[in-house]
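Subject: Structure for your review

Hello,

Here is the structure you were going to look at. My notes on it follow below.

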Amino acid sequence: MKSGVKTYIYHFFGKDYKPVYILKDMLAGIIIALISIPISMGYSQIAGLPMIYGLYGSLLPILIYGLITTSKDFVFGVDAAPAALTGGVIAAMGIASESEEAIKTVPVITLAVSIWLLLFYILKAGRAVKYISMPVMGGFITGICIEIISIQIPKLYGGTAGTGEFYELVLHIIEEFKVFSPVSFSLSILCIAIILISRKFIPKFPMSIIILVAGGILTLTTNITDYGVKLLPEVAPGLPHLKLIHINVGNFSEILFSSLTIALVIMCETLLASRQNAINDGYDLNPSREVLAYTMANLSSAIVGSCPVNASVSRTSIARQFGSRSQLTSIFASITMAVILIFCTGFIKYLPVPVLTAIVVSALYSACEFHLAHRLLKTSKRDFIIFISAALGVLIFGTIYGVVIGCILSFFTVIVDTIVPPKDFMGVIEGRDGYYSLRRNKHAVPIDGVIIYRYGGNLFFANIDTFVKDIQDSIKPDTKVVIVYGSGIGNIDITATDRLVQLNRSLRERGISFYLTEHDGSINDKLKRFGAY
């Protein structure tokens with residue numbers, strides 16, 4: 001029992017956690033709760049629920065997730081992708097947004113999502129994320145961030161948040177210019193500039209909180225609303241009540257099918273983003289435990305009547321900015337949200353929407369993996385294309401298709417690398433021992449009458465023709481010996497074996513000896529089993 005407790009504490013805090021980090025986690029949690037107010041309320045509306053349910057979804061689910069997850073700092077809550085997908089399901093069912101029917105139906109969708117996530121946990125589907133490459137993850141996260149920024153942009157100048165795919169978001173941005181408020185836009189741009197500049201020169205200073213407080217003071221001391229600056233709506237105080245979910249058997253099958261996409265998006269988006277953070281911070285993420293955390297968080301969201309929840313890249317970025325070191329951040333955020341709902345909902349109505357939106361946008365901008373794109377552009381054009389394709393896939397086709405496109409491209413590059421592995425012809429350098437690449441060393445020269453071919457991959461049906469052609473094309477009239485340096489050959493199939501036998505026969509008919517050297521003993525075993533000798 002004690003060993004289990006120690007293991008849990010180790011996973012929760014990490015071996016390098018220090019008591020001094022508690023204050024940082026507490027500050028980050030308070031900030032996350034405050035930032036979650038406008039984000040959660042807005043996305044709750046997108047999902048078809050009244051705004052108050054967004055705050056409910058930022059209380060119990062974030063606490064449950066924080067207690068179960070193996071991620072050190074990722075923040076859970078009501079967020080863009082599942083909210084938008086849920087709103088689409090509601091619209092397709094002909095249910096009016098924020099209606100009594102929507103209030104009854106959305107928790108059922110959330111419950112169905114948790115059922116799918118539980119199935120993914122049982123099947124250990126989270127392991128598949130390990131096979132998604134860094135360019136795919138970076139492009140995916142960047143695409144998500146750009147999409148959410150596009151959703152938020154109209155709120156910077158007095159408009160409403162957008163919904164839909166990227167092209168719909170762009171059209172909405174243009175359409176909302178009809179309510180353009182210069183004061184609102186100037187205020188938001190000023191806030192973004194202050195946050196980004198302070199992040200560069202004083203990264204540990206809680207500038208977002210200062211701006212949040214300043215926004216409230218500005219509302220109280222001026223008539224800023226007369227100039228097109230919107231404020232958050234008033235929210236009634238009180239904690240959420242646990243609900244008995246009413247399932248309509250008639251439409252539950254439709255909801256169950258539609259919720260599959262939402263569950264896939266939650267698993268892929270959260271695992272990809274949190275795994276990237278884990279890699280950056282040097283610790284291991286447990287995919288199965290993570291999917292269980294998503295399951296329980298969504299189940300708790302359904303119980304309080306809220307929409308599906310997942311990881312928030314924007315709020316996580318803010319938490320990391322303020323030094324979050326453990327999931328105490330989520331616990332403090334949950335406690336803070338409870339205090340806000342009970343005692344402090346009155347101040348929410350004084351917060352300017354453009355100020356809070358500026359905080360979110362600046363966090364999303366910092367979360368974009370532009371530095372990775374720049375690195376890939378300089379080092380690997382192929383990986384850069386994968387990065388851009390994953391990002392564009394998210395923006396053009398949606399979250400799940402962005403991942404699919406990136407994975408297909410990654411799989412294709414693996415196939416190409418397997419079919420065309422590193423290979424070279426070798427020679428000698430006068431006065432030195434060993435053999436050197438004729439292509440990479442200008443002083444290397446071939447040995448008269450001898451061809452040395454170094455091959456760095458497995459031999460199988462898809463690449464054996466290239467292997468044989470390389471050797472045949474290199475043969476000269478004075479060639480007497482062909483040596484394949486096969487230390488990199490780890491496997492061979494029956495097709496490649498037959499071709500090697502044919503190659504050996506044809507070379508010997510021309511008076512040329514053929515040798516396969518330095519390969520692993522298991523290759524000899526397979527050659528014997530396949531009848532090569």
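**Serine 317 and its surroundings**

Not counting residues up to four places away in sequence, serine 317 touches Ala363, Ser366 and Ala367. Serine 317 is itself part of helix H13, residues 313-321. Its relative accessibility is 16%, so serine 317 counts as buried, the cut-off being under 20%. Please keep in mind throughout that this is a predicted model.

**The chain as a whole**

The secondary structure of the protein chain comes to 21 helices and seven strands. Along the principal axes, the C-alpha atoms fill a box of roughly 95 × 55 × 55 Å. The chain has 533 residues, of which 51% count as buried. Among contacts in the chain with a separation of 6 or more, 80% are between residues 24 or more positions apart.

**The sheet**

Five strands form an open sheet in the order S4-S3-S5-S6-S7, and the pairing is mixed. Strand S4 (436-437) and strand S7 (513-517) are at the edges; each has a single partner strand, so one side of each has no neighbour in the sheet.

Going through the pairs:

- S3 and S4 are antiparallel, paired over two bridges. Here glycine 427 is opposite tyrosine 436 in S4.
- S3 and S5 also run antiparallel, joined by four bridges. Lysine 423 faces tyrosine 455 in S5.
- Strand S6 (residues 481-485) pairs with S7 in the parallel sense, over five bridges. Valine 482 is opposite phenylalanine 514 in S7.

A helix also packs on this sheet. Helix H19 (residues 464-474) lies across strand S3 (423-427), strand S5 (450-455), S6 and S7, and runs at about 155° to S5.

Glutamate 518 lies in the loop between S7 and helix H21 (521-529). Its phi is near 65°, a positive value in a residue other than glycine. Most residues other than glycine have a negative phi. With a relative accessible area of 55%, glutamate 518 is exposed.

Lysine 124 is another residue other than glycine with a positive phi, near 55°. Lysine 124 sits in the loop between helix H6 (100-122) and helix H7 (134-156). The relative accessible area of lysine 124 is 39%, which makes this residue partly exposed.

**A helix pair**

How do H10 and H15 lie relative to each other? The axes of helix H10 (residues 207-221) and helix H15 (residues 353-367) come within 9 Å and cross at roughly 170°. Angles over 145 degrees count as roughly antiparallel, and H10 and H15 are therefore roughly antiparallel to each other. On the H10 side the contact is made by Ser208, Ile211, Leu212 and Gly215, and on the H15 side by Val355, Leu356 and Ile359. Sorted by class, this contact has five nonpolar residues, two polar residues and no charged ones.

**Leucine 49**

Leucine 49 is in the loop between helix H2 (21-46) and helix H3 (52-56). Is leucine 49 buried or exposed? At 0% relative accessibility, leucine 49 counts as buried. Leaving aside neighbours within four places in sequence, leucine 49 is in contact with Ser44, Glu98, Ala102, Ile103, Val106, Gly305, Ser306 and Cys307. For a sense of scale, leucine 49 and arginine 529 are 480 residues apart in sequence and 66 Å apart in space, C-alpha to C-alpha.

**Cysteines**

How many disulfides does the structure hold? The count is zero. A disulfide is a covalent bond between the sulfur atoms of two cysteines. For cysteine 191, the closest cysteine sulfur is that of cysteine 368, at 19 Å, which is too far for a bond. Cysteine 191 counts as buried because its relative accessibility is 6%. Cysteine 268 also counts as buried, with a relative accessibility of 12%.

Regards

Key:
Residues numbered from 1 in each chain as written. Predicted model: local features only at pLDDT ≥ 70, side-chain atom pairs only at ≥ 80, totals over all residues. Heavy atoms only, no water. Pairing = 2+ DSSP bridges. Contact = heavy atoms within 4.5 Å. Axes fitted to C-alpha atoms, helices over the stretch in contact; angles between N-to-C directions. Parallel < 35°, antiparallel > 145°, perpendicular 65-115°, else oblique. Nonpolar A, V, L, I, M, F, W, Y, C, P; charged D, E, K, R; others polar. Disulfide = S-S within 2.5 Å. Buried < 20%, exposed > 50% of the residue type's maximum accessible area, 1.4 Å probe, protein only.
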